[in-house]
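Trainee: I am new to this structure. Please pick one part, look at it closely, and then show me what lies around it and elsewhere.

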Amino acid sequence: MRAWWVGQPGPAAGGPLVLGSRDDPRPGPHEVLVDVSVCGICRTDLHLAEGDLAARRPAVVPGHEAVGVVAACGTGATRFAPGDRVGVAWLGGVCGTCPYCLRGDENLCTAPVFTGWDKDGGYAGKLTVLEDFAYAIPDVFSDEQAAPLLCSGIIGYRALKRAALPAGGRLGIYGFGSSAHLTARMAMHLGASVYVMTRSAEARDLARGMGAAFVGGAGDAPPVPLDSAILFAPAGGLVPVALAALDRGGTLAIAGIHLSDIPALNYQSHLFYERQVRSVTANTRADGEEFFSLAERIPLSPSVTVYPFDAADRALADLAADRITGSAVLRVRP
């Protein structure tokens with residue numbers, strides 16, 4: 001099969017991905033083999049390619065928003081049959097025995113397996129996944145629409161939960177990329193008013209077109225105090241900005257896997273009156289199932305830019321340079 005993998009991590013403009021051939025993977029016990037149709041392009045892939053995330057294995061194939069059809073089932077795999085359409089997401093396995101798994105917080109597992117980091121992901125013609133960590137894709141979504149939902153959508157849903165947004169509340173969103181624009185649509189569907197702060201002029205246009213109550217630059221103050229905020233941009237300098245915009249008792253959720261350093265906080269300006277900061281770490285499978293149920297009801301429709309398979313390196317460079325509005329998807333199978 002053809003595949004892209006991480007060669008020498010470095011700036012995306014320098015081409016850290018390598019295109020070549022790999023042996024087709026074979027499904028192990030309780031795994032399914034997936035013929036990949038499309039794979040979403042996530043900022044986590046960019047962090048991996050550029051070295052912000054240390055590689056867990058050499059020459060790993062990125063991609064954790066893969067959609068395709070089951071080609072074969074390993075020993076004991078009975079949940080899906082060949083021909084079924086499935087999605088493969090970031091969380092690819094957990095130990096099931098640590099205290100966090102046992103209490104239902106499998107996203108905090110001490111020995112997790114992540115698709116496109118610990119094991120090869122969807123920037124390839126085929127991949128394998130444990131059947132219990134694959135998602136059945138609702139028919140309402142095309143492959144291209146479904147791909148960003150598998151990480152951008154699920155993580156946005158998790159971040160929305162962590163932000164503790166009250167019914168009908170005011171939600172601030174800092175950064176307006178793939179996950180943020182899906183989260184905004186979810187929040188609006190649930191009755192919230194959304195205030196978007198982002199540096200990209202194209203993203204600001206998208207937010208206005210979606211009906212955001214306020215759209216401004218990344219460091220701008222919203223016109224009203226916020227009940228909750230979510231930081232999607234990997235910029236630690238925005239943490240005090242977002243905290244200062246919160247009303248009393250407000251919550252800031254930080255949604256990225258990587259964040260630049262946070263500057264010093266002032267207790268009175270940023271944290272007093274019971275403002276709080278929460279991080280977001282991966283997701284549970286229950287989060288994923290809850291999210292797909294909500295996404296199907298809305299129905300959630302990502303704004304998608306599709307790249308041909310041979311252009312995966314260009315897609316990452318575009319993402320790094322903020323040239324992508326909404327979500328990007330790699331078409332793996334013609």
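Mentor: Y157 is buried, at a relative accessible area of 13%. Buried here means under 20% relative accessible area, exposed means over 50%, and partly exposed is in between, with a 1.4 Å probe and protein chains only. This is a predicted model, where local features need pLDDT of at least 70 and side-chain atom pairs count only at pLDDT 80 or more, while totals for chains, interfaces and linings use all residues. Residues are numbered from 1 along each chain as its sequence is written, and side-chain values use heavy atoms, with hydrogens and water left out.

Y157 sits in helix α3. Helices are DSSP runs of H or I with at least four residues, strands are runs of E with at least two, and both are numbered from the N terminus. What does Y157 touch, leaving out residues up to four places away in sequence? Its contacts are M186, D287, E290, F291 and L294. Contact means heavy atoms within 4.5 Å. Now look at A187. It is 30 residues from Y157 in sequence, yet the two C-alpha atoms are 9.2 Å apart.

Next, the rings. Rings of Phe, Tyr and Trp (its six-membered ring) pair if their centres lie within 6.5 Å; planes under 30 degrees apart count as stacked, over 60 as edge-to-face, and the rest as tilted. That rule gives eight aromatic pairs. One of them joins Y157 and F291: the centres are 6.3 Å apart and the planes meet at 50°, so this pair is tilted. Y157 belongs to α3 and F291 to helix α8 (residues 285-297), so the pair ties together parts that are 134 residues apart in sequence. F291 is buried too, because its relative accessibility is 0%. Another pair is F272 with Y273. Their ring centres are 4.7 Å apart and their planes stand at 45°, so that pair is tilted as well. Are these two buried or partly exposed? F272 is partly exposed at 31% relative accessibility, and Y273 is partly exposed at 38%. Back at Y157, ring pairs build a cluster of Y135, Y157, F291 and F292.

Rings can also carry a charge over their face. The test is NZ of Lys or CZ of Arg within 6 Å of the ring centre and within 35 degrees of the ring normal. R285 lies over the face of F133, at 3.9 Å from the ring centre.

Now take the whole helix. α3 covers residues 143-162, which makes 20 residues. It reaches 28 Å from its first C-alpha to its last, close to the 28 Å expected at 1.5 Å a residue. That expected span is 1.5 Å times one less than the number of residues. Where is the kink in α3 centred? It is centred on L149, at about 50°. The bend at a residue is the angle between axes fitted to the seven residues ending there and the seven starting there. After α3 comes A164, with a positive phi near 55°.

R158 is also in α3. It is buried, at a relative accessible area of 14%. Leaving out residues up to four places away in sequence, R158 touches N107, V280, A282, N283, T284 and D287.

Then come the strands. Two strands pair if DSSP finds at least two bridges between them. Strand β13 (residues 226-231) has five of its six residues buried, so the rest of the structure largely encloses it. It pairs in the parallel sense with strand β10 (residues 170-174), over four bridges. There, L171 stands opposite S228 in β13. β13 also pairs in the parallel sense with strand β14 (residues 246-254), over five bridges. L226 has L246 in β14 as its bridge partner.

Helix α6 (residues 238-245) is mostly covered, with six of its eight residues buried. Those are L238, V239, P240, A242, L243 and A245. What covers them includes β10, β13, β14, α7 (267-271) and β15 (276-279).

Last stop: strand β1 (residues 2-6). Four of its five residues are buried, so β1 is largely enclosed by the rest of the structure. Five bridges join it to strand β2 (residues 17-21), and the two run antiparallel. W5 stands opposite V18 in β2.
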